[in-house]
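Please have the viewer ready.

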Amino acid sequence: WSEAAAPGNQPSFCHFLRSVSADGRLAEPGRSAVPTHRCAAFGDPLPLSLRQQELVCLQRVHVSCPRYLRGTLLASEAPAATAGAQAIKESPSFPAMTVAVAAVVVLALLLLVSGVLGRFPFFGETGSSPTPTFIASNSSPTPTASGQLTPQPSGAPSPSPSSVAPPSATPTAAPSATPTATPTAVRSWPPGATASRMSLVVPCGTQADCYIYTVRYTARGPDRLANIANFFGVDIKKIWQLNPSLNGGTAIHTGQKLRIPSPTK
């Protein structure tokens, strides 16, 4: 498909534009955009939309189309490849008999040179005998030295584990005291109490079932006695018993230290 079509009456047509005939073959394109048009720049013929034909294929701007540029490049490379193959085919081949004769001559020269050099003591068996003797004498100290070095590394690491043993007792003593304090505080909380409540109170000291709460000012306004009793799940009457200064009233102020029974929430 990379072969360009014969130029028509309108040079603005793309040379790779084809039309599918009734028998399925590609023929000359029409003068207007039709569904049977195909792009045959390279590869299988590609269907084209009517809009693309009107804007590119049937206009002079088709020379900037990527498929047109690639098809033109393939069309120019085809003759060059054909000419190269023809040149190789026409080049004279080197006779095989000449190569065979040259190989025989070279082999004969190598055999002749080997026979002449073998007559001299430098290239004979007498000259090569000291070489293996020298290698054998040099290889004997090698296993002797390796055997002497073997006991040295075996004794070196022996004092290392003994010196590392004392620090092993140091980290065991540090974490032993840390986990024991946490469960003790949890078990000292009243039954049903939660961390969100217990973080706002402190024990009264020697008085049992008594905690001190500091009256706060929240987003809804200052604390009220009824809200405090409901928040900690305690009876407001017990708060009056622990705080005689209230005289059974509900008047409290921000920052006041208020004694409450053990929280149940």
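Is Y68 buried or exposed? Y68 is buried, with a relative accessible area of 15% (buried means under 20%, with a 1.4 Å probe and protein chains only).

## About the model

This is a predicted model, in which local features need pLDDT of at least 70, side-chain atom pairs count only at pLDDT 80 or more, and totals for chains, interfaces and linings use all residues. Residues are numbered from 1 along each chain as its sequence is written, and side-chain values use heavy atoms, without hydrogens and water.

## Aromatic pairs

Searching the whole structure gives three aromatic pairs (ring centres within 6.5 Å; planes over 60 degrees apart count as edge-to-face). The rings of F16 and Y68 have centres 5.6 Å apart and planes at 65 degrees, so this pair is edge-to-face. F16 sits in the segment before β1 (17–20) and Y68 in helix α2, 52 residues apart. F16 is buried too, at 3% relative accessible area.

Y213 and F232 also pair edge-to-face, at 5.2 Å centre to centre and 70 degrees between the planes.

## Arginines over a ring

Two arginines lie over the face of F42: R67 at 4.5 Å from the ring centre, and R70 at 4.1 Å (CZ of Arg within 6 Å of the ring centre and within 35 degrees of the ring normal).

Key
Phe/Tyr/Trp six-rings, centres within 6.5 Å; stacked < 30°, edge-to-face > 60°. Helix = DSSP H or I, 4+ residues; strand = E, 2+ residues; numbered from the N terminus. Buried < 20%, exposed > 50% of the residue type's maximum accessible area, 1.4 Å probe, protein only.
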